[in-house]
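The model is shown first, and the text then moves from one chain to the contact between the two.

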Amino acid sequence: MSVRDQILAKVRANQPVDERPLPDLTSFPVRTSEVLDQFMTVLSTIGGKPVRVADYAEIAAYLHEHPYPGRIISSIPALQHLAEPIPENADPHELENVELAIITGTFGVAENSAIWVTEANYQQRVVPFICQHLAIVLPMDALVANMHQAYERLQGQEYGFGVFIAGPSKTADIEQSLVLGAHGARTMTVFLLEHV
Amino acid sequence: MSTKPKHPELSERFNADEPRVDWHDATLWWIRQKRDKAAHTLYEDWESLRNTASAIKDNVLGNLADYLESFERQATTNGAIVHWAADAAEHNQIVLSLLQQAGAKRMVKSKSMLTEECHLNEYLTENGIEVVDTDLGERIVQLADEPPSHIVMPCIHWKKEEIGELFHQHLGTPKGNADPQLLTEAARQHLRDKFLSRRVALTGVNFAVAETGEFVVCTNEGNADMGVHLADVHIACMGIEKIIPRREHLGVFLRLLARSATGQPITTYSSHFKSPRKGAQLHIVLVDNGRSQQLGREAFRNSLKCIRCGACMNTCPVYRRSGGHSYHNAVAGPIGAILAPNLDMSKNADLPFASTLCGSCSNVCPVKINIHEQLYEWRQELTRQGKVDFGKKMGLKMMSTVLSSPMVYRSMGKMGRWTMRVMPGMVSNSFNPWFKQREMPAAPKESFRDWYLKNRS
Ligand code: SF4
């Protein structure tokens, strides 16, 4: 018998008989209608920066006022005058010197301000981690209240890699002092976009 | 019987420096309080989340073989390569052979308690492989040549001045500088270089979904992702109990995990790996190492529900005052004391005695493991097996060290008084040496939770 079959046989022999069905997840009602407020509040608490904008022109204006010296990449066509496109088939190591990456978020979760992004949003998996600063553009109406709603949205969705990102990279490993910018992005700006 | 030092001696050593113990105690209690606050923000859902998580895990334990087969099938369809390891030695060999296949002599690794349990680093080092742990806390203990002392906060026992000195020696930071910001920045630069130059990255797994074959890795630092997305080969190692049935169940566990661990609403990154990056390889190693055996022990199988949040350690009056290393096991604290005897009863017979059986662990556990009851069960089981002659003696000594000095009681404050009030009811049995020594006050009428809600300031 292979190791695999041995393990499975042992598990089968030792696992308890349990015919109880899986619990129902619909018992977690949505408690808030104020998803935008909650999302913005939570994001600020965890070190992120929410910025409400009407359209892409306002994002451009914001970046003009808050310039990032260095290489800026973006997967968003409307921002191509500010950023180079993300090279699709390049070696991910070539992104080492990216100062700011601007990508689209699929949706956000109010209870924890996590934003779901998949590689379809930004071509290269390493992008939101390797950049010094990360900005995510999120349509204002793409917010759900909690993680149960989030996974309802993800039901049946196909992705090779997807990630919930909540705020900048952080650590508290040194005497529990919170430091932003551990290995991933040092800051995270979220542009909440009114008109897509 | 092994002559390696046991929990009583090890905690005595830790207790030699009393102010340090007080500091350690207070730090963990502070994290416990953050957990409480986070749980209270979800007060309407919290208990039903715990019940749901526990019920999902019950279902997993009853159907684990089928779920494992489903996971393997889906993951293979997704393009991952699945390996099976019966024990630590097989796990280590598989990882080494994958490194050899890739022609790699160096590897980056993000946090994985399983690889600690298997002593992977030692094995790979002996075989000429350089392993760099990339979680900041893990890197610190690795540079200091120590194991982690906590499953979530590996260097919780280190003071920043000591880390400053360690980094001065290894990373060349200015002598005498203990600024967390500066030290973190130094580690960031040092590890970025490793991420950019290593071709193999190993990660742990927090949850693996039977339905889809994907798995989720949670970090705050982003180190798992930095390693994996820059490497040609991703090796993900997981215990077979990490399986959950469906993707939607992630919603339940991700709501509980970080809140229970550190009081955050969610970790910064919850990364869902389904298929390998174009041109890269994804290997998943499924490890048994005693888990199927624990599944067959009726009294202890619930320990396999553990999602490794660390809450039971942060709240444990013994862990807080004896330190993670006193448990001489990869997983310390109350849950470690249940898992360790399954792997080696003789070596770990002392651990179920490293508890007041106060039940605080069971009260905070997000998957509702009956931790303190299992500790009590182990005491009986180990006694039946004749493993505890030293236990009663040593157990007593440990309790005296950790809990009985007046200084300790003063500094334990509320928690100490609570322990005195709650403990006797929980410990009036012949398996608890502490009880024999003391005149115990009457047991309280209120539960821990009631007491806590009423008394927290
Ligand atoms: S036993 Fe429960 S509280 Fe302890 S680490 Fe595991 S899940 Fe967390």
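## Buried salt bridges in chain B

Arg308(B) is buried, with a relative accessible area of 16%, where buried means under 20% relative accessible area, exposed over 50% and partly exposed in between, with a 1.4 Å probe and protein chains only. Its partner in a salt bridge is Glu241(B), with the closest N and O atoms 3.8 Å apart; a salt bridge is a side-chain nitrogen of Lys or Arg within 4 Å of a carboxyl oxygen of Asp or Glu. Glu241(B) is also buried, with a relative accessible area of 5%. Because Arg308(B) lies in the loop between helix 13 and helix 14 and Glu241(B) in the loop between strand 7 and strand 8 of chain B, the pair ties together parts that are 67 residues apart in sequence. Helices (H or I, at least four residues) and strands (E, at least two) are DSSP runs, numbered from the N terminus.

A salt bridge also forms between Glu117(B) and Arg291(B), whose closest N and O atoms are 2.9 Å apart. Glu117(B) belongs to helix 6 and Arg291(B) to helix 13 of chain B, so this pair ties together parts that are 174 residues apart in sequence. Both Glu117(B) and Arg291(B) are buried.

## Basis of the model

This is a predicted model, in which local features need pLDDT of at least 70 and side-chain atom pairs count only at pLDDT 80 or more, while totals for chains, interfaces and linings use all residues. Residues are numbered from 1 along each chain as its sequence is written, chains are lettered from A and ligands numbered from 1 in the order in which they are written, and side-chain values use heavy atoms, with hydrogens and water left out.

## Contact between the chains

In chain A, 68 residues are in contact (heavy atoms within 4.5 Å) with 97 residues of chain B. There are eight salt bridges between chain A and chain B, including one in which Arg259(B) meets Glu111(A) at 2.8 Å, N to O. Helix 1 of chain A gives eight residues, the largest share of the side of chain A that touches chain B.

Strand 9 of chain A and strand 9 of chain B run antiparallel and are joined by five bridges, DSSP pairing two strands if it finds at least two bridges between them. Phe161(A) stands opposite Phe273(B) there.
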